[in-house]
Amino acid sequence: MVHTTMKTSLFEPTLYIVKGMCILDNDGNRILAKYYDKDILPTTKEQKAFEKNLFNKTHRANAEIIMLEGLTCVYKSNVDLFFYVMGSSHENELILQSVLNALYESVSILLRRNVEKRVLMDNLDAVMLAFDEICDGGVILDSDPTSIVGRTALRTEDVPLGEQTVAQVLQSAKEQLKWSLLK
Amino acid sequence: MSSFKRDKKEEEEGGASPYKNLDKTIVLQEARYFNETPVNPRKCIHILCNILYLLNQGEKFTTAEATDVFFATTKLFQSKNVMLRRMVYLCIKELSSMAQDVIIVTSSLTKDMTGKEDLYSAAAIRALCSITDSTMLQAIERYMKQAIVDKNPAVSSAALVSALHLSSSAPDLVRRWANEAQEAVNSDNAMVSYHALGIVASSKKNDKLSTVKLVSRLCRSPMKSPYALCLLIRLSAQIIEMDESEASQPCIEFIEYCLRHKSEMVIYEAAHAIVNLKINRDLAPALSVLQLFCGSSKACLRLAGARTLACLTARRPAAVAICTVDLENLISDPNRSVATLAVTTLLATGAESSVDRLMKQISSFVSEISDEFKIIVVKAIRRLCTKFPRKHQSIVAFLAGMLRDEGGFEYKTAIADAIISIVEENPDAKETGLAHLCEFIEDCEHATLAVRILHLLGREGPKSRQPSRYIRFVYNRVILESGPVRAAAVSAVAQFGAQVPELLPNIKVLLSRCELDDEDEVRDRAIYYNAILDSGDQQLINDYIINVANPGLIELEKALRDHIATKPDQLFDIKTVPIVCTCHQLHKKDVVAVEAKKPMQKSMDKIYDETLSHIPGIERLGEIFKRARPVDLTEAETEYRVRLYKHIFDRHIVLQFECINTLNDQLLEQVHVRLETPPEFNILSIIPCQKLLYDKPGSVFVIVEFPCAYLDSLGTFGATLEFTVRDCDPNTGNPDPGEGYADTYPLEEFEINCSDQIKTRAATDDWEDTWEYASKSPEASETFSLPHININDAAKEVCSHLGLPKAAISGDSLVEIKGCGIFRGGAPVVIKAKLVTISTAITMKLAIRSPREDIAQLLLSAIG
């Protein structure tokens with residue numbers, strides 16, 4: 001049966017609140033991005049163009065929120081990472097803000113507070129799982145960072161040396177050396 | 001040290017990003033490793049991560065590639081590593097839309113879903129639902145029901161959310177899980193109850209009564225999760241909006257109660273709902289919350305506050321005026337979105353004296369905001385000029401300044417539009433406006449804009465005090481621009497020649513130069529105009545240069561289509577197409593446009609037009625006048641659901657009975673509606689619905705002619721559904737052999753009343769003038785005593801009888817209803833009613849003015 005859509009400016013009673021989430025690096029390139037509404041930015045090309053535009057508008061001024069191309073985007077940045085959560089321009093901004101906080105906090109816990117690109121890239125699998133635990137097809141699945149991390153979980157603590165690849169061993173050795181030099 | 005720095009840089013460039021130079025073919029090659037036994041989980045996770053990263057970057061996988069990877073991935077179910085398993089689920093979800101035969105993993109996933117490991121179950125459910133289609137759903141139904149009431153919140157949430165996703169493709173199946181979902185609403189876990197509420201509400205979307213029950217039950221014992229509260233507020237607001245009766249009172253109280261909640265999210269949701277409700281409530285508590293938000297240190301809160309206030313300006317400017325001080329503080333806000341909203345809102349509500357100051361403020365940051373916001377600013381300024389015509393000098397100068405700045409096509413168009421409309425509306429601003437536009441086209445990269453402006457110069461230029469000064473600007477285009485612009489410039493030049501006799505010789509010289517142009521169109525126009533001007537025949541010049549009659553493009557298109565369809569071998573006569581009048585309608589849109597883009601939706605009107613256009617003979621009824629609100633003619637949960645759409649035409653009414661067959665073991669054929677009409681109505685034809693399949697809406701149309709006399713056009717109709725039933729297989733939908741049997745189904749009575757036949761709107765500022773203006777027309781008035789107890793209820797009921805919106809009601813102790821409308825057939829009516837409580841009874845004086853006295857009488861009788 002056809003429904004007449006409400007013409008008023010009341011918010012729509014739906015669970016589909018998040019239109020997209022993404023993490024960009026400090027050149028505005030996509031690290032991870034998910035869009036949940038088939039009608040909004042359907043192709044990767046449009047998405048990337050939108051992300052470029054979004055990045056250009058937001059990377060200088062840290063103003064928390066911007067309305068762009070019909071979407072309300074809340075954002076937060078740290079060192080060389082930019083976190084965005086997008087919702088319809090007709091949505092409660094504070095709900096979006098809470099999703100952004102959940103995203104940022106869980107990533108931050110997963111990366112042991114080293115929220116920067118290199119560390120994130122090393123833990124991309126966990127961050128992907130966190131994305132998946134926060135939002136499912138536009139529905140907010142969870143917004144409590146500890147429980148999200150709990151479900152993503154199992155950050156493979158310290159893998160026994162035998163199972164690490166040569167590159168990983170080298171990398172961690174390099175790191176230790178660097179820190180000892182800096183001291 | 002410097003070498004160390006360089007080292008570090010290199011390290012970041014090369015070593016740090018293992019994903020930088022990923023190649024699809026290599027990654028696909030790597031995926032073959034999954035087939036080995038045993039596998040190294042870490043290595044597998046890394047490969048899966050690479051695949052997901054590539055997909056996320058937009059790398060295209062062919063179906064074959066995706067299927068290969070998918071099947072390789074399924075091998076990994078052998079591993080017990082939790083992290084790996086989770087990545088496998090993720091991969092399955094991503095690939096499910098690309099690969100073939102994905103249902104192969106159903107059994108593996110079902111095993112995980114029902115297994116003991118909670119971390120598996122939740123994710124497995126979600127993966128499973130992404131690969132399942134409605135036909136497979138029955139197999140897992142039992143597990144889903146169990147999962148919904150699982151005591152682990154993650155599992156329960158996952159099942160609920162997946163059910164919601166599935167409900168778009170298999171609504172009935174999911175409706176069967178409603179009991180479990182209902183149970184989950186009462187869960188202790190905040191997220192579970194939120195998701196459960198969401199799914200319960202969406203399954204009851206069609207059933208208003210049970211939604212009301214649900215909401216009012218939950219309002220009494222509010223939920224813990226702020227998200228759930230927000231959703232509940234939205235549902236409540238929807239109920240209040242649809243139904244103003246007493247039943248919604250608890251909802252209103254609930255929303256107001258939420259204003260005192262501890263979570264800002266809920267407070268804002270409540271304030272937003274109150275402010276946007278159409279009912280007349282005291283806005284003060286909600287406004288004070290918004291004011292508080294405007295002063296917050298968080299940009300999100302400030303934006304939320306400012307945006308909601310901006311929305312309110314259109315309907316309650318006085319209410320927003322109270323918040324002026326708070327908005328003033330925001331105009332220099334570091335967040336430009338907030339600042340823009342504040343400035344545009346102030347422009348809409350402020351006094352003439354503050355205009356200059358505000359515009360100065362905008363110009364300080366206009367370069368920093370996005371194009372869509374600039375357009376909002378331009379529109380606000382344009383409205384300002386209608387409001388304060390005396391300010392045109394500074395406004396046009398400001399717009400011209402913006403026109404010179406960088407900006408995209410839409411932005412430039414908005415500015416040019418604004419200047420053009422100011423030029424058209426305000427004679428004082430004409431000369432300055434045209435001068436600015438002339439300057440703009442000197443350096444304009446958008447051909448369409450240049451063409452429009454040239455057209456305007458051609459129309460307005462000759463009437464100005466010094467027409468000759470524009471010719472230079474116009475003719476420069478002929479020398480410098482592309483073909484279409486040159487052609488437009490030639491037309492504009494010709495206008496000068498036609499209207500200003502002193503310039504004619506010079507114009508002819510210019511036109512003859514254009515006759516040598518490279519572009520066909522330019523040359524043709526030049527020759528054409530030159531010839532007409534040479535003739536010296538004033539009538540000819542007037543008809544073909546100055547006042548060229550343009551048929552409306554939409555009508556022209558329609559006429560041409562009709563012509564091709566009906567009589568392609570005859571000549572087409574353009575004179576049959578109606579001419580558009582060039583009168584300009586004043587756009588009185590909402591005062592501050594905040595929504596830049598709304599999701600595109602095919603408008604309901606379009607859908608109905610399409611369905612109606614299939615009715616034979618529909619074109620003879622003329623243009624549709626109005627669509628009345630649909631009425632349900634059956635209870636919500638019955639075998640057959642019928643909803644009535646009344647399409648009103650000038651002298652006819654098309655009744656569309658939209659039927660839904662909710663029995664999956666029946667197929668209805670030859671569905672008719674038998675109507676019992678009042679004697680004056682005349683049934684012209686009935687178009688039956690040949691076949692009504694399970695859950696597929698089908699419509700029966702009945703065309704009824706209105707009685708000749710308007711006074712007879714109210715009445716009650718009885719209706720019965722008649723059809724032939726054939727039993728069919730519930731799964732395939734194939735009918736059983738045999739004839740079937742005839743059956744009938746009684747429908748509820750319905751009415752054709754006044755509100756169906758009139759298009760109305762509430763009083764606007766100029767209502768008093770309209771009322772005075774209508775004093776020459778006949779007036780019908782009568783005094784009624786109404787049986788109501790509450791004066792507001794009485795007013796609402798009167799409005800609903802007359803089809804007036806609730807916004808027409810004003811006043812507290814002495815309630816007034818003011819509105820105007822158009823009756824079918826085109827007669828205007830102006831309505832005024834006064835209600836007053838005398839001792840305990842409510843008395844109403846209703847007066848209606850209309851050129852058609854019988855219509856005025858009819859409206860009176862609608863109340864009586």
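Contact here means heavy atoms within 4.5 Å. Keep that in mind as you move through this predicted model, starting with one histidine and the residues around it.

**Stop 1: a histidine in chain B**

Select His272(B), which you will find in helix α16 (residues 264–276) of chain B. Is His272(B) buried or exposed? Its relative accessibility is 5%, so His272(B) counts as buried; the cut-off for that word is under 20% relative accessible area. Now show what surrounds this side chain. Setting aside neighbours within four places in sequence, His272(B) is in contact with Ser9(A), Leu10(A) and Phe11(A), and also with Thr308(B).

**Stop 2: where the two chains meet**

Next, colour chain A and chain B separately and select the residues in contact between them. The size of an interface is often given as the accessible area lost when the parts come together. For chain A and chain B, the buried area is about 7,200 Å², with 60% of it given by carbon and sulfur atoms.

Now look for charged partners. There are 8 salt bridges between chain A and chain B. To see one of them, select Glu133(A) and Arg86(B): their side chains meet in a salt bridge, at 2.4 Å from N to O.

**Stop 3: an enclosed strand in chain B**

Move on to strand β3 of chain B, residues 640–649. How many residues of this strand are buried? The count is 10 of the 10, so strand β3 of chain B is largely enclosed by the rest of the structure.

- Strand β1 (residues 624–627) of chain B runs antiparallel to β3(B), joined by 3 bridges. Here Ile624(B) has Phe649(B) as its bridge partner.
- Strand β2 (residues 631–632) of chain B pairs with β3(B) in the antiparallel sense over 2 bridges. Look for Asp632(B) opposite Arg643(B).
- Strand β4 (residues 652–661) of chain B also pairs with β3(B) in the antiparallel sense, over 9 bridges. In β4(B), Glu658(B) is the bridge partner of Arg643(B). Follow the chain from β3(B) to β4(B) and you will trace a hairpin through 2 residues.

**Stop 4: two loop residues in chain A**

Finish with a pair of backbone details. Select Leu41(A), in the loop between β2 (30–35) and α1 (44–58) of chain A. Its phi is near 50°, a positive value in a residue other than glycine. Leu41(A) is buried, with a relative accessible area of 12%.

Then select Arg113(A), in the loop between α2 (93–110) and α3 (117–122) of chain A. Phi of Arg113(A) is positive too, near 65°, and this residue is other than glycine. At 53% relative accessibility, Arg113(A) counts as exposed.

Conventions
Residues are numbered from 1 along each chain as its sequence is written. Chains are lettered from A and ligands numbered from 1 in the order in which they are written. This is a predicted model: local features need pLDDT of at least 70, side-chain atom pairs count only at pLDDT 80 or more; totals for chains, interfaces and linings use all residues. Side-chain values use heavy atoms; hydrogens and water are left out. Buried area is the accessible area (1.4 Å probe) that two parts lose on being put together, summed over both. A salt bridge is a side-chain nitrogen of Lys or Arg within 4 Å of a carboxyl oxygen of Asp or Glu. Buried means under 20% relative accessible area, exposed over 50%, partly exposed in between (1.4 Å probe, protein chains only). Helices (H or I, at least four residues) and strands (E, at least two) are DSSP runs, numbered from the N terminus. Two strands pair if DSSP finds at least two bridges between them.
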